[in-house]
Amino acid sequence: MTRTAPRICPLCEATCGLTLTVEGARVTGARGDRDDVFSRGFVCPKGASFGAADADPDRLRGPLVRSGGRLVETGWDEAFDAVAAGLGPVVERYGPHAVGVVLGNPNVHTMAGALYPPVLLGALGTRSLFTASTVDQMPKHVSCGLLFGDPFAIPVPDLDRTDHLLILGANPLDSNGSLCTAPDFPGRLKALRARGGRLTVVDPRRTRTALLADRHLAIRPGTDALLLAAMAQVLFADGLTDLGALADHVTGLDELAAAVRDFTPQAVAPACDVPADTIRALAHELAAAPTAAVYGRVGASAVAHGTLTCWLADVLNVLTGNVDRPGGVMFPLSATGRAPRPAGPGRGFALGRWRSRVSGHPEAKGELPVAALAEEIDTPPRVPDGGLGESPVRAVIAIAANPVLSAPDGDRLDKALESLDFMVSVDPYLNETARHAHVVLPPPPPAQSAHFPFAFNALAVRNQVRYTRAAVPLEDGRMPETEILARLVLAATGRHDADPAAVDAMVVERTLAEAVAAPHSPVHGRDPGDLAARLTGESGPERRLDMMLRLGPYGDGFGAEPAGLSLARLLDHPHGIDLGPLRPRVPEVLKTRSGRIELLPDPIAADLPRLARAVREAPAALVLVGRRHLRSNNSWMHNVPTLTGGSNRCTLHVHPEDAARLGVADGEHARVTAAGGEIAVPVEVTDAVRPGVVSLPHGWGHDRPGTRLTVAAADPGANVNQLLDGSLLDPLSGTAVLNGFAVRVTPLVRQCPEGARGTARPATAGPQTPDVTEWHGP
């Protein structure tokens, strides 16, 4: 029997609505849901491949436990017994900080990943947290934390109403957007152009987004902060600042003007390789636009001055009055966020509340740099110095994480993970990281899981709420990811025999107790037991969702607002509920100690001299940047046949001028060398990159033994992060510098022996044997 089922796509940040075609218990097709209140039928190749990703035969069907040096299939009870037996002795002997928790990108694409890791961290009491944020978005969290007092108060471009959009280091036509949840980002940009708006793209690559722009500036990688600082200087020098409605909510304006005074267009132009007149024109165009938004992403974030770049982007938005303004950048209001509180000063945001044991990296948002994970494992104990303590990390819990490919120096991390006393991996695949685990706990395919985009509703360009239950029943022998993580919480704290429902009950009890005690809560003074009894849902996670909706800004307050949100009402709207365009939220959103937008926080001011030195530094002859493919999301989609091939290839983009100078040819292999090592990759000569820049995609390198990734292993590519040794970090956020670092490129193919026929080619394009060549001839 064939039927259809709605599903929110979990494969990227756009969260498009899908209509799945289901035959029996198998998804046989996926198309855009025309009735979805947010995406209106848009779908990209990833969403259209939902069925293939869901049915991947390499997905693990049950848990694995290491026995006799091998991972063998076992039952769920036995697997959690092994987790408890492995983690308990580590905590008892070395303390809680000896347990490292690593959270990967897919966590924000599942309900379980949103609901349970915070509970796990609280139960463990560890400060050894490492996440994908420090190879991606931590600079934005830090800059917003310092500016607005809340690292989660991230303003997003009001795409549907803006007149002018300046994009730096982002390619949303391929990425579908990031830290800006917007189904059909391409259509929204085309609509901007159609209504007479202006689109400017700053990127060293001529991306698909750049091709759509009115103006494309091929900036020198890593210098975006200098460009933005010079634009701010122009706004002050030419009298173009206009804070508008923000005027009473900003502090530090004069100090900021003094701080950027020397970053003139003439001073920064040589470093940026952007003419001074062009920089000045950009500032004037931004100030003259009726509404405008400055938006930057990974290309401007995972760089040496990532936090300063993110800060300066919002500084420009403030100086032109475009923060919290329709058509500017605005703060979404998620249905499961906190209900609005009266405006007033908050606790602010602090960096460096603790530091990593080895290199003393400051924490940011409770996280340590994932680039430091290897050294935290393999560096011998030291005398406690006020950091995490003496013991190295001796156990790792990796949830939907593959840092061997996504973090710098995967070879070192590979060896470090092998040395652990214990490791557990929650992952559907036996990938390059999970292969080291003592226990592997695989979640079911996405069609067998409910979905609510907690993280991305807080970054959406329109307020809305959608929830979809599992499209097909859970297969025999599988366990819901929510239950896996709940049982992991219990096993990690020595209570693995308890009912996993106890975890959800505990969270509900604590949350309602806090809510009834809060003076401005919609349920202040009520009985938490009575409220808990009113919750609906088929499971603990659904009861928690119901609670969050009812307590949220649109909630029914457990009956206080009859028309408000609840799980029951949401289930009555399978295609979602539109909650309207973004609305101004300042000063309510500000949680700084001053209660204002603090334009020049002390950590930022202390880092500006480093940016000033960059004006005088000689640029490297050749630097590398990453790139995103439309049919990929880092490493976790390379095993889906329908998403491989075509443009989704691991090739080194080289400009024709550089190719001629370096002696490399299209289709041949080159050796790329940097501080962390070297890799061998095929060359693709193209003028889509500017001279002096090469580009290689992130997330490849599927050639390590012991994995079960059939499709990915057949076309492994090379791990670009092996070029890094982990020492290049943005100091404020701990984010790895993945873009704009110096490399050397040399031909790898050697000349054929005289008189012979054939081609010398690398035996592998992977990171482990870049020097090996084989002769292939008659």
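Biologist: In what sense do strand E6 (residues 99-103) and E15 pair, and over how many bridges?

Modeller: E6 and E15 pair in the parallel sense, over five bridges. Two strands count as paired if DSSP finds at least two bridges between them. Helices (H or I, at least four residues) and strands (E, at least two) are DSSP runs, numbered from the N terminus. One spot to look at is leucine 103, which stands opposite isoleucine 399 in E15.

Biologist: What should I know about the model first?

Modeller: This is a predicted model, where local features need pLDDT of at least 70 and side-chain atom pairs count only at pLDDT 80 or more, while totals for chains, interfaces and linings use all residues. Residues are numbered from 1 along each chain as its sequence is written, and side-chain values use heavy atoms, with hydrogens and water left out.

Biologist: Back to E15. Which strand with residues 422-426 does E15 pair with, and in what sense?

Modeller: That is E16, and the pairing with E15 is parallel, over five bridges. Isoleucine 397 has valine 424 of E16 as its bridge partner.

Biologist: Which residues point which way from E15?

Modeller: Start with the general idea. Side chains alternate between the two faces of the sheet in a regular strand. In E15, Ala395, Ile397 and Ile399 point one way, and Val396 and Ala398 point the other way.

Biologist: How many residues of E15 are buried?

Modeller: Five of its five, so E15 (residues 395-399) is mostly covered. Buried means under 20% relative accessible area, exposed means over 50%, and partly exposed lies in between (1.4 Å probe, protein chains only).

Biologist: What is the strand order in the open sheet of three strands?

Modeller: The order is E1-E2-E3, with antiparallel pairing. On average, neighbouring strands here are turned by 30° against each other, direction ignored. E2 (residues 17-23) and E3 pair in the antiparallel sense over six bridges. Leucine 20 stands opposite alanine 30 in E3.

Biologist: Now helices. At what angle do H6 and H15 pack, and how far apart are their axes?

Modeller: Packed helices are described by the angle between their axes and the distance between the axes. Axes are lines fitted to C-alpha atoms, for helices over the stretch in contact, and angles run from 0 to 180 degrees between N-to-C directions. H6 (residues 138-148) and H15 (residues 306-319) pack at about 50°, with axes 8 Å apart. The two helices are therefore oblique to each other. Angles under 35 degrees count as roughly parallel, over 145 as roughly antiparallel, 65 to 115 as roughly perpendicular, and the rest as oblique.

Biologist: Is the crossing of H6 and H15 left-handed or right-handed, and which residues make the contact?

Modeller: From H6, the contact uses Pro139, Lys140, Val142, Ser143, Cys144, Leu147 and Phe148; from H15, Gly306, Thr307, Cys310, Trp311 and Asp314. These residues divide into seven nonpolar, three polar and two charged. Contact means heavy atoms within 4.5 Å. Ala, Val, Leu, Ile, Met, Phe, Trp, Tyr, Cys and Pro count as nonpolar, Asp, Glu, Lys and Arg as charged, and the others, Gly among them, as polar.

Biologist: Where does valine 274 lie?

Modeller: Valine 274 is in the loop between H12 (265-272) and H13 (276-288). Valine 274 is buried, with a relative accessible area of 4%. Setting aside neighbours within four places in sequence, valine 274 contacts Leu217, Ile219, Leu227, Ala269 and Ile279.

Biologist: And where is valine 745?

Modeller: Valine 745 sits in strand E29 (residues 744-747). Valine 745 is buried too, at a relative accessible area of 4%.

Biologist: Which residues does a cis peptide bond join?

Modeller: Valine 586 and proline 587, with omega about 10°. Proline 587 lies in the loop between E19 (577-581) and E20 (597-598).
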